[in-house]
Amino acid sequence: MPHDRRAFLIYSGAALVALTEHWTHATPAQAVSLDTALDGGRLDEDLLNWLEHRTDELRAMSAHHQKVAALLIEAHRGAVHELLDNARYDQPTAIRLHSMAAQLGQSAGWNEFDNGHHGLAQAHWHTAMHAAYLAGDRDLGAGILADLAYQATRRAFPKEAVDILALARSHTHSPAARALLHVRTARALAVLGDKTGTHRVLTSATRELDHARPDTTPAWVSWMSPADLEADAGRCHLDLGQPATAAAAIDNGLDLLNGERDRTRAVFTVYRADAALAAHDIPQAAAHARTALDTARATKAARCLDLSTALLGQLKQHRHHPAVRELVEYAGA
């Protein structure tokens with residue numbers, strides 16, 4: 001971990017208050033109230049509402065301004081944990097604080113995962129799981145288990161991912177959440193080569209997503225959409241050796257994807273290039289690879305850059321093709 005990040009994580013309570021006030025526009029009264037609570041005073045309702053509102057804002061910010069959001073989430077998360085340790089509060093307030101700690105920990109885990117820090121991501125998610133348990137939030141706990149499973153599949157532990165997701169499904173009844181859990185199960189089963197199981201679970205995901213409504217969808221899975229289902233289904237088809245079916249599904253996913261989700265677009269475009277490469281369509285693969293590389297560079301997320309770099313390495317096997325030579329020169333420049 002870089003030195004300045006280590007230093008950031010061990011700021012004192014007073015520094016956390018100052019940073020939070022500066023970046024989240026706390027009123028002077030709220031800053032004083034926070035300082036008092038951090039020193040062992042009572043946590044009042046107004047401050048608690050403000051903390052929850054800032055938690056929601058920072059989680060939303062992380063989708064578009066990751067680098068700044070990551071620092072602010074760490075500051076806010078540190079303040080919430082200090083309040084849990086030092087402030088005076090009743091049981092309902094404790095539940096709300098633990099819920100915030102779980103949400104912020106989940107976001108912090110994704111920030112580390114996107115930057116390739118898998119040990120830190122896992123540590124954040126384990127801490128967030130404990131906070132979700134203390135908050136009694138089974139849905140959020142299931143979501144964090146889904147994140148750990150996604151990491152396991154990406155790190156070549158698909159069997160473990162299937163087991164984790166089976167546990168997570170028993171902890172949530174939200175259709176959107178269950179759709180996500182089914183999709184991630186399908187991804188793991190496809191890596192394992194289980195064609196029947198993959199198709200069965202994708203059908204279940206489609207059925208659950210059709211029943212999803214805003215009032216039954218937890219905040220942590222509000223981004224789940226038909227675009228994600230289509231593109232991830234395409235990745236499953238690709239892993240099962242069906243590149244034509246994969247290409248059609250991934251194209252649908254990219255067409256449906258929210259224009260602001262650049263990191264997701266970079267990942268899906270890599271999938272699309274992989275599908276073209278599997279179909280031996282080198283010019284198409286090179287074109288999608290270039291788009292994926294440009295999008296990944298714009299996000300600066302290590303996960304996206306690593307996927308694009310690995311794809312470029314695969315394409316270099318076809319260096320004799322003019323489209324690939326042009327891509328390699330472009331990437332080098």
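How much space lies in the largest cavity? About 60 Å³.

## Basis of the model

This is a predicted model, in which local features need pLDDT of at least 70 and side-chain atom pairs count only at pLDDT 80 or more, while totals for chains, interfaces and linings use all residues. Residues are numbered from 1 along each chain as its sequence is written, and side-chain values use heavy atoms, with hydrogens and water left out.

## Overall fold

The secondary structure of the protein consists of 17 helices and zero strands. Helices (H or I, at least four residues) and strands (E, at least two) are DSSP runs, numbered from the N terminus. Of the 333 residues in the protein, 53% are buried. Buried means under 20% relative accessible area, exposed means over 50%, and partly exposed covers the values in between, with a 1.4 Å probe and protein chains only.

Among contacts in the protein between residues at least 6 apart in sequence, 64% join residues at least 24 apart. A contact here means heavy atoms within 4.5 Å.

## Cavities

The structure holds three cavities of 30 Å³ or more. A cavity is a set of points, on a 1 Å grid over the protein atoms alone, where a 1.4 Å probe fits but cannot get out; lining residues have an atom within 4 Å of a point. Grid points are joined across faces, edges and corners, and a volume is the space filled by probe spheres set on the points.

A289, L293, S308, T309, L311, L312 and L327 line the largest cavity. Helix 15 (282-299) and helix 16 (302-315) each supply at least two residues of this lining, and the largest share, four residues, comes from helix 16. By type, the lining of the largest cavity has five nonpolar residues, two polar and no charged. In this scheme Ala, Val, Leu, Ile, Met, Phe, Trp, Tyr, Cys and Pro count as nonpolar, Asp, Glu, Lys and Arg as charged, and the others, Gly among them, as polar.

## Aromatic pairs

A search of the whole structure finds six aromatic pairs. The rings of W110 and Y150 have centres 5.8 Å apart and planes at 40°, so this pair is tilted. The pair links distant parts of the chain, with W110 in helix 6 (residues 91-114) and Y150 in helix 8 (residues 138-154), 40 residues apart. Rings of Phe, Tyr and Trp (its six-membered ring) pair if their centres lie within 6.5 Å; planes under 30 degrees apart count as stacked, over 60 as edge-to-face and the rest as tilted.

Y150 has 12% relative accessibility and therefore counts as buried. One aromatic cluster is formed by W110, F113, W125 and Y150.

## Cysteines

How many disulfides does a search of the whole structure find? The number is zero, where a disulfide is a pair of cysteine sulfur atoms within 2.5 Å. C236 is buried, at a relative accessible area of 1%, and C304 is buried as well, at 2%.

## Buried positions in helices

H182 lies in helix 10 (residues 175-191) and counts as buried because its relative accessibility is 9%. Leaving out residues up to four places away in sequence, H182 touches R169, V201, S204, A205 and E208.

A161 is in helix 9 and is buried, with 0% relative accessibility. With residues up to four places away in sequence left out, A161 touches A149, A152, T153 and A188. A161 and L148 are 13 residues apart in sequence, and their C-alpha atoms are 7.6 Å apart in space. R263, found in helix 14 (residues 262-278), is buried at a relative accessible area of 15%. From C-alpha to C-alpha, R263 and T299 are 6.1 Å apart in space, and they are 36 residues apart in sequence.

## Positive phi in loops

Most residues other than glycine have a negative phi. A156 is not a glycine, yet has a positive phi of about 70°. A156 is found in the loop between helix 8 and helix 9 (158-169) and counts as exposed because its relative accessibility is 60%.

K300 also has a positive phi in a residue other than glycine, near 65°. K300 is placed in the loop between helix 15 and helix 16, and its relative accessibility of 62% makes K300 exposed.

Terms used
1 Å grid on protein atoms, 1.4 Å probe; cavity = no way out; pocket = protein on both sides within 12 Å on 5 of 7 lines; lining within 4 Å.
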